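Let's walk through this model together, starting with its overall layout and ending at its ligands.

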Amino acid sequence: MAKTHNLGYPRIGKNRDLKRSLEAYWNNDIAEQTLNEQVQTLREQHYQTFTHLDFAQAGDFSLYDHVLDTSFLFGNAPARAKRENNNESYLDSYFRIARGRSSKRDCCPTHAGEMTKWFDTNYHYIVPEFSKTTTFKLYADTLLSEVKQLQARGLDVKPVVIGPLTYLYLGKSLDDTNKLDLIDSLLVAYKNLLHTLAENGVKWVQLDEPALVTELNADWLSAYQHAYDTLQNSGVKILLASYFGSLADNLKVVTKLPVDGVHIDATRAKHEVAILAKALNDSQVLSVGIIDGRNIWRTDFTEALTLLNPIAQLKQDKLWLAPSCSLLHCPVDLNAEQNIHPEILPWLAFAEQKLIELEILSKALHTSSQTDQDSVQAALAQNKRAIDQRKQSSLSTNKLVQRALTNIKNEWLHRSDDYATRIAQQQKSLKLPLYPTTTIGSFPQTSQIRKTRQAFIRKEITQQQYEDALKENIAYCIEQQEQVGLDVLVHGEAERNDMVEYFAGHLNGMLTTAYGWVQSYGSRCVKPPIIYGDVSRSNDITVAWTQYAQSLTQKPVKGMLTGPVTILNWSFVRDDQPRSLTTQQIALAVRGEVQALEAAGTGIIQIDEAALREGLPLKQSQWPEYLRWAVDAFKLCSSGVRRDTQIHTHMCYSQFNDILPDIQRMDADVITIETSRSNMKLLDAFNAFNYQNDIGPGVYDIHSPNVPEVESITNLITQAASKIPAQRLWINPDCGLKTRDWAEVRPALTNLVAAAKALRAQ
Ligand SMILES: CN1c2c(nc(N)[nH]c2=O)NC[C@@H]1CNc1ccc(C(=O)N[C@@H](CCC(=O)N[C@@H](CCC(=O)N[C@@H](CCC(=O)O)C(=O)O)C(=O)O)C(=O)O)cc1
Ligand SMILES: N[C@@H](CCS)C(=O)O
Ligand SMILES: [Zn+2]
């Protein structure tokens, strides 16, 4: 029978238990020992998932981030993790890098490690830091203790560790060190790890190398050969795991590596499974990632078995089955959901259900006993019913939406006037000063707001009470902005649990879950909505909130929307039509909302596309195709307005150098971006490209609790003005303020306005 294993499981627990424990510890509400006890309970739940599997994976659980764990495992924690005369626990050193420490709360302020997106997911990892002085040393105690815990339960343990090349690939060089120059010293530590695991009775180790699905140059490819040549014969068998895409040109290199098995993502590289099965030798295991770890759809068993049957013939007992990647990116348990449409519920599988699917598929390949045969046949039949029913369901299709798409005219993708004409008109109607000040949209989502929403969801308060509470919050937010003296105000987004989930809750063809939490970073989670059908908008979504805010002030209130590409990239998408088509449907819906805002008198409308840049495919050769439809979707939703309506967009991930022509093609009147941490360097690229439209480079790093001083803001804007004409500059924070407190936001925005006034006076 094909062996089953898992690449990783969600760590947060069924009810975001890890979040609650961590935040209680950080708040000093519980001691380290209590945290450890609570985490152990969570791990016990994690271990329950192994009952379906032939191997128990170790090393996939993490208190904050598995990449940071890898840095600590190989002794590459940044030096600032250790305070001088340190008596801090390992845990606190770890959190020092994970979260940083501000001077307000600690004698030794420490800046956190940089966070960035884990490949094309919405999970953020802490970037490893490398320099000329980097050395590596194995600290395997934490991993070993987990291995031993599992072995004591009689389980066959397969530790999961990020592979050496992917670890280097993920990191950043703080000086001009070539990361590949570090490979030999890193390999000594890896070899040491493999020997240590072997001495502790481990037979298989999974080394994750998702960097192999990117387009690597010859130096990286030969480093792969060198690394795995070095790691062979270390006493354990190595399963090299690739995921998130096809191996493409790297496949040839992978088949030459002296490893004992290769895992491939059969959901994104289906065509490579048979090729790899033939290319591997008889003693090498092929692990087929047959269950989609990046989505929530039930697996089509008929399709899966059609793929697997010939492979099983060929590979016999050397075939393993697994999810395509770690289940970290999936919600935990579908059984917790009480309110999903009964017709849609059978179409879905969350992490728990996916492991059961794996077990059934393995049995379906080789059923031995009659009981198994009966139960497998029943499961296959039930699966077929659900898959067929989804294909035929009227819930997935909406003829009106499909007709609306065919009616889209090319001119809908363009503003009626060029930027110069538009901005002149907008200046006339808006009458904003030089260096206009604004924010990105959200203001602190206080515990009070979240508790009130929770009470509304639990029906403890009425809709009227909930709306009154939100209005009170909006009024407070407007009052604060007026006091601070900002020029363009926002309503503050108090009504939104999340910038994507909120819109999903108001669009047809999308559903939101009650407990479908997925880790975004550390203790922070999101509930990605599920796009199950054609998307459309029936009612206005944001108009009433924006109008209410506008009724409280003479200053312009900016309407705030999330753009189609971001809604797509941060949702679970349907797998029965191209992403581009789904995005176009969302774009039409957002276009309707933009026009409704304009009709209601909103003169400035921001359409956030935070996830447009990060949604770029992992293979650069596929960028042009993605950027074509992604930018078109933005243009479709933003272009149907008058010339004097000002369209803003916002992107908080900053590496735009390579996509500036596409940013220009978006043709937003104003773009606000994250720049404060990079000292406005990004603007060099805008300058060199001769970018034409208005820009609001962020001057307040909202990821840090520190309040920026007036002088630091004026310095940043002075630098910006040396690159971009002052007439085209806006002053704003890097991103939304929802994770900050009012106590930080108020003085920070006061300083921001003071800096703008000082610069205007000059
Ligand atoms: C910009 N970012 C976003 C990404 N993806 C998104 N889908 N949305 C984003 O904004 N990706 C990239 C980044 C990631 N950044 C963040 C930042 C912050 C969070 C975050 O704070 N998440 C919250 C969950 C927010 C939420 O939806 N809350 C609900 C549930 C209310 C709740 O928790 N109630 C409590 C009681 C209240 C209390 O005591 O506070 C309870 O039930 O116990 C809501 O507001 O209704 C988090 O807590 O993790 C995520 C990504
Ligand atoms: N309008 C959103 C954008 C975040 S990227 C906010 O301010 O939170
Ligand atoms: Zn942002």
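Which domains does the domain assignment of the protein give? There are two, domain 1 (3–392) and domain 2 (399–761), with bounds that come from an automatic or database domain assignment. Before going further, please keep in mind that this is a predicted model, in which local features need pLDDT of at least 70 and side-chain atom pairs count only at pLDDT 80 or more, while totals for chains, interfaces and linings use all residues. Residues are numbered from 1 along each chain as its sequence is written, and chains are lettered from A and ligands numbered from 1 in the order in which they are written.

Taken over C-alpha atoms, the centres of domain 1 and domain 2 are 33 Å apart. Domain 1 brings 42 residues to the contact and domain 2 brings 27 residues, where contact asks for C-beta atoms, placed from the backbone, within 7 Å. On the domain 1 side, helix H1 (17–26), helix H4 (90–99) and strand S3 (115–117) each supply at least two residues; H1 gives the largest share, four residues. Helices (H or I, at least four residues) and strands (E, at least two) are DSSP runs, numbered from the N terminus.

Now look for the open sheet, in which eight strands follow the order S1-S12-S11-S10-S9-S8-S6-S2 with parallel pairing. Two strands pair if DSSP finds at least two bridges between them. At the edges, strand S1 (3–4) and strand S2 (56–58) each pair on one side only. Strand S11 (residues 285–291) and strand S12 (residues 319–323) are joined in the parallel sense over five bridges, and Ser287 has Trp320 in S12 as its bridge partner.

Finally, the ligands. Ligand 1 is surrounded by 18 residues, the closest being Ser447, Arg450, Asn497, Arg524 and Val526; a residue counts as near if its C-beta atom, placed from the backbone, lies within 6 Å. Helix H16 (447–457) and strand S15 (524–526) each supply at least two residues of this shell, and H16 gives the largest share, five residues. The residues around ligand 2 include Ile440, Met499, Asp608, His650, Cys652 and Lys738.

Methods:
Contact = placed C-beta atoms within 7 Å.
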